[in-house]
Amino acid sequence: MPPNSTDESNGNLKVTQTTEYSREYSKQDAEPVNYTKKWNEFKYFISQLKWFNIILLTTLHLAFVWAVIAFPWLQRGRLILWHAFFFHLTAFGVGAGAHRLWCHRTYKAKFPLRVLLMLCYTTAGHNPLFYWVRDHRVHHKFTDTDADPHNSTRGFFFSHIGWLFMKKHPDVLRKGKEIDMSDLWEDPVIRFHQKYFIPLTLTLGFIIPAIVPPLVWGQDWFWSIISSAVGRYVFVLNFTWMVNSAAHMWGTKPFDNSISPTENRLVSMFCFGEGWHNYHHTFPWDYKAAELKYAGYNGSSFFIELFGKLGWAYDLKSASPELVKKVVLKAGDGSHLVWGKEVPESEEDKIPKATKQ
């Protein structure tokens, strides 16, 4: 009954008394902040930063922003085409070479093709092939754990570029030593790249891309150097990193809904088909790294098959349509264009699970 209201049974006026509650604070609520602990955590964080990488990559990206704004786009058409050509060489070396050949052994390549792939990879200006392959194998075996070099659960920035700003987590170092890399050391092409990494990278990654335009068609040296050392290089770095970040966060999961990698069309478009990441992490041994041969723009698959016809690439591995269908129906998120539907509970036990890495 509301306060100051009339009781209909006897007409008497009743006043409801409001009870006041007092809030008591415990000693725990008033516990002082442990500034010593926070200071030690801050000092540890600072000690883990790699300042050379931070300064270098930050400077490169600031220069890239300036170059994009100041670059005379309409007057440098041939220079743009030149770097587009070089970008394709780089994507072929990273995607078909470092990734699909040396990391996952999705096909075999004869000596001339391995040399070509090594040279194309070198134009990217990435780490030595041996370290690139080791980190990627660790990434696949321990995806999104502390042992993953670019653990996507630590956020977009970390998985994109932040992991290069910090020393590796102890688990990454420990698990990295457990990865079998003997197959790489047996390859003379890998040993050659490791031995001459610095001169090869400087020559193929920066000097040749910058000097060819001025020497061949009289391009001005300034924009030729800037577009090579800054423009193309930063562009290549970021689209490579997008596979580690964006393709682990945004997109569909038609093949395995239990893992973080996704199907990201935009990343695939710029990375020669490397963005069909849900498929790739489900079938890492498939040379296509995608369900369809040329899904989006899967340039690496096209070149692998081209060299297969020349006899330089052979033993191409691929998941059968039957296996793909079983996996989609068993573990997918329902977004598959053909088999994206729920499976009756009575049928689920009949579908075997695919082996994943």
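**Close-up views of a predicted model**

**View 1. Helices H10 and H11 cross.** H10 passes H11 in a right-handed crossing. This is a predicted model, so keep that in mind as you look around. The axes of H10 and H11 are 8 Å apart, and the two helices pack at an angle of about 145°. On the H10 side, the contact is made by Gly 205, Phe 206, Pro 209, Ala 210, Ile 211, Pro 213, Pro 214 and Leu 215. H11 answers with Trp 221, Ser 224, Ile 225, Ser 228, Ala 229, Arg 232 and Tyr 233. Sorted by class, the contact of H10 with H11 has eleven nonpolar, three polar and one charged residues.

**View 2. Helix H3 packs with H10.** Here we stay with H10 (residues 197-217) and bring in helix H3 (residues 77-103). Their axes lie 11 Å apart, at an angle of about 145°, and the crossing of H3 and H10 is right-handed. From H3, look for Arg 78, Leu 79, Trp 82, His 83 and Phe 86. They meet Leu 204, Ile 208, Pro 209, Val 212, Pro 213 and Trp 217 in H10. The contact of H3 with H10 is made up of nine nonpolar residues, one polar and one charged.

**View 3. The annotated transmembrane regions.** An unreviewed UniProt entry carries the annotation "transmembrane region" for residues 51-74, 80-102, 196-215 and 221-243. Two of these spans are worth a look end to end. In residues 51-74, the end C-alpha atoms lie 37 Å apart, and the span is 83% helix and 0% strand. In residues 80-102, the end C-alpha atoms lie 30 Å apart, and the span is 100% helix and 0% strand.

**View 4. The largest pocket.** About 990 Å³ of space lies in the largest pocket. The pocket is lined by 42 residues, and those closest to its centre are His 126, Asn 127, Trp 132, Trp 163 and Trp 241. H11 gives the largest share of the lining, eight residues. By class, the lining of the largest pocket divides into 23 nonpolar, 13 polar and six charged residues.

**View 5. The cavity.** How many cavities of 30 Å³ or more does the structure hold? There is one, and the largest cavity has about 100 Å³ of space. Thirteen residues line the largest cavity, and Pro 149, Arg 154, Phe 158, Lys 168 and His 169 are the closest to its centre. The lining of the largest cavity divides into five nonpolar, three polar and five charged residues. How is such empty space found? Rolling a probe the size of a water molecule over the atoms shows where it is left.

Note on methods
Residues numbered from 1 in each chain as written. Predicted model: local features only at pLDDT ≥ 70, side-chain atom pairs only at ≥ 80, totals over all residues. Heavy atoms only, no water. 1 Å grid on protein atoms, 1.4 Å probe; cavity = no way out; pocket = protein on both sides within 12 Å on 5 of 7 lines; lining within 4 Å. Points joined across faces, edges and corners; volume = space filled by probe spheres on them. Nonpolar A, V, L, I, M, F, W, Y, C, P; charged D, E, K, R; others polar. UniProt positions renumbered as here; feature names shortened; annotations may be inferred. Helix = DSSP H or I, 4+ residues; strand = E, 2+ residues; numbered from the N terminus. Axes fitted to C-alpha atoms, helices over the stretch in contact; angles between N-to-C directions. Left-handed = near helix turned anticlockwise from the far one by under 90°. Contact = heavy atoms within 4.5 Å.
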